[in-house]
Amino acid sequence: MDTWQAIAALTIFVGVIILLITEWLHLTIAALLGALLLILLNILTLDEAISYIGKSHATLGLFFGVMVMVRAFEPTRVFEYLAVQMVLLAKGQGKRLLLGIVAITTPICAVLPNATTVMLLAPLIPPLAEDIGVNFVPLLILMVFVANSSGLLTQVGDPATFIVADAINMSFLEYLWKLSLGGAIAVLVLVVLLPILFPTIWSKQLNNLDQMQVPEINHPRILALGSLIVALVLIFFVIGETLPVSISPATVALFGAALCLTLTHLSKIDSVHNILRDVDWGTLIFFMSVFVLTGGLEKTGVIISVSSLLAVIVGNNIALGTLALLFTIGLISSVVPNIPLVVVMVPLLKQYLVNTGLAGPEVLAPGFSGQFPPETLPLFYAMMSGATLGGNGTLVGASSNIVAAGVAEQHGKRIPFNVFLKYGIPVMLTQLISLALYVAIRFLVLKG
């Protein structure tokens, strides 16, 4: 491949990242323009671009299915009900309000993409906070921290965890066994830091809770049936890949979406047109464009070159590579969205394993369905942890952060970059150190 094409592919990728960080363009537009530039410059043909999207069909299928299921529940007002319950759990005490946000947000974000959860719950926080006399900005920041941290609890909680787990053929059940404890540690660290991060709210006595009106659940029977569908989806997330005929999480999510659409259509609580119209198509197009951008780096040899440099620096030292990767990815993902970061890092890390002889060249094949050498897996676990928790560092570190900032502006307040930084840096660093200890002890010392 010509050198100019490699330079062009790298320049386009870096340019897109700069646009994402500076927010000069909407993230979807920036990524789409970058992908199209690769095609216009003939670095990739259209067929090649589509093939790179096809290689990541599992990620797209999973998040499309989850988006449809979440949107199908909107007419029931269940999310408004949960938001009020967050406040009522406080029982007049600020510390219980903070703990209530953690308690409500954590389980939802363990099974739904974190940005989706923030889109649903964040708009409900400002009016509730105003009713009880609390500044809503710290509450939105806390919700973001919880959402990002909880994404590490399951394979489907954050795009980064799913992309990496899918790349190494890790099952949902295997993820629960090996990495969910790391997610629980991240949430626990956040709980311990609450009185330090939010001392004013922690010690505040809340007023007017008895005047709050709890919204009524609409269509309770439909919600009950929908809850049954969600329960079945969660069960098959866990057991689907262990059945005689394996069912992937993406297939389960799509089937759950189809059932929710059927339920909505037959009950007439909403139309299929409205639900599909409200799906976050921008995020899905962003995913597809990033996969194309990564394909450009892969085809032009940029990934091979960078992985060779990594091999020179780290060598065969898995322990050093694991800890270095966790902190490096964590710090980078605090300023670079974690989706394009892990999409680039996965093939780079695979190539590194091949370059150093830690894995055979078969792991580079698009359809590889085997197992990676166990001693190399801590590198991928570190990547998941760093990419997920690094988003807590700055305002641009994760899409859920941007969503919360937009909600704040809609209600008359900004979340300044430096204000978020004041909260985010101590949270991110404490969580990364805690996860480094967990990964080191569990996978490098005990080799669990």
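Is Lys178 buried or exposed? Lys178 is buried, with a relative accessible area of 15%, where buried means under 20%, exposed means over 50%, and partly exposed lies in between, using a 1.4 Å probe and protein chains only.

Before going on, a word about the source: this is a predicted model, in which local features need pLDDT of at least 70 and side-chain atom pairs count only at pLDDT 80 or more, while totals for chains, interfaces and linings use all residues. Residues are numbered from 1 along each chain as its sequence is written, and side-chain values use heavy atoms, with hydrogens and water left out.

Lys178 has a partner, since its side chain meets that of Glu174 in a salt bridge at 3.2 Å, N to O; a salt bridge here is a side-chain nitrogen of Lys or Arg within 4 Å of a carboxyl oxygen of Asp or Glu. Glu174 is partly exposed, at 23% relative accessible area.

Across the whole structure the search finds six salt bridges. Arg71, which counts as buried at 9% relative accessibility, takes part in a salt bridge with Asp278, where the closest N and O atoms are 2.8 Å apart. That pair links distant parts of the chain, for Arg71 sits in helix α4 (57-72) and Asp278 in the loop between α15 (272-277) and α16 (281-299), 207 residues apart. Asp278 is partly exposed, at 37% relative accessibility. Arg71 also meets Glu74 in a salt bridge at 4.0 Å, N to O, and Glu74 is partly exposed, with a relative accessible area of 41%.

On a 1 Å grid over the protein atoms alone, a cavity is a set of points where a 1.4 Å probe fits but cannot get out, whereas a pocket is an open set with protein on both sides within 12 Å along at least five of seven lines, and lining residues have an atom within 4 Å of a point. Grid points are joined across faces, edges and corners, and a volume is the space filled by probe spheres set on the points.

There are three cavities of 30 Å³ or more, and the largest cavity has a volume of about 60 Å³. Its lining includes Phe73, Ile222 and Cys260, and helix α14 gives the most to that lining, with three residues.

The largest pocket has a volume of about 1000 Å³. It is lined by 40 residues, and Lys55, Asp166, Ala167, Lys350 and Pro366 lie nearest its centre. Helix α19 supplies the largest share of this lining, six residues. The lining of the largest pocket divides into 21 nonpolar, 13 polar and six charged residues, where Ala, Val, Leu, Ile, Met, Phe, Trp, Tyr, Cys and Pro count as nonpolar, Asp, Glu, Lys and Arg as charged, and the others, Gly among them, as polar.

Finally, the second largest pocket has a volume of about 700 Å³. Its lining has 29 residues, with Leu27, Thr283, Ser399, Ile402 and Val403 nearest the centre.

Conventions
Helices (H or I, at least four residues) and strands (E, at least two) are DSSP runs, numbered from the N terminus.
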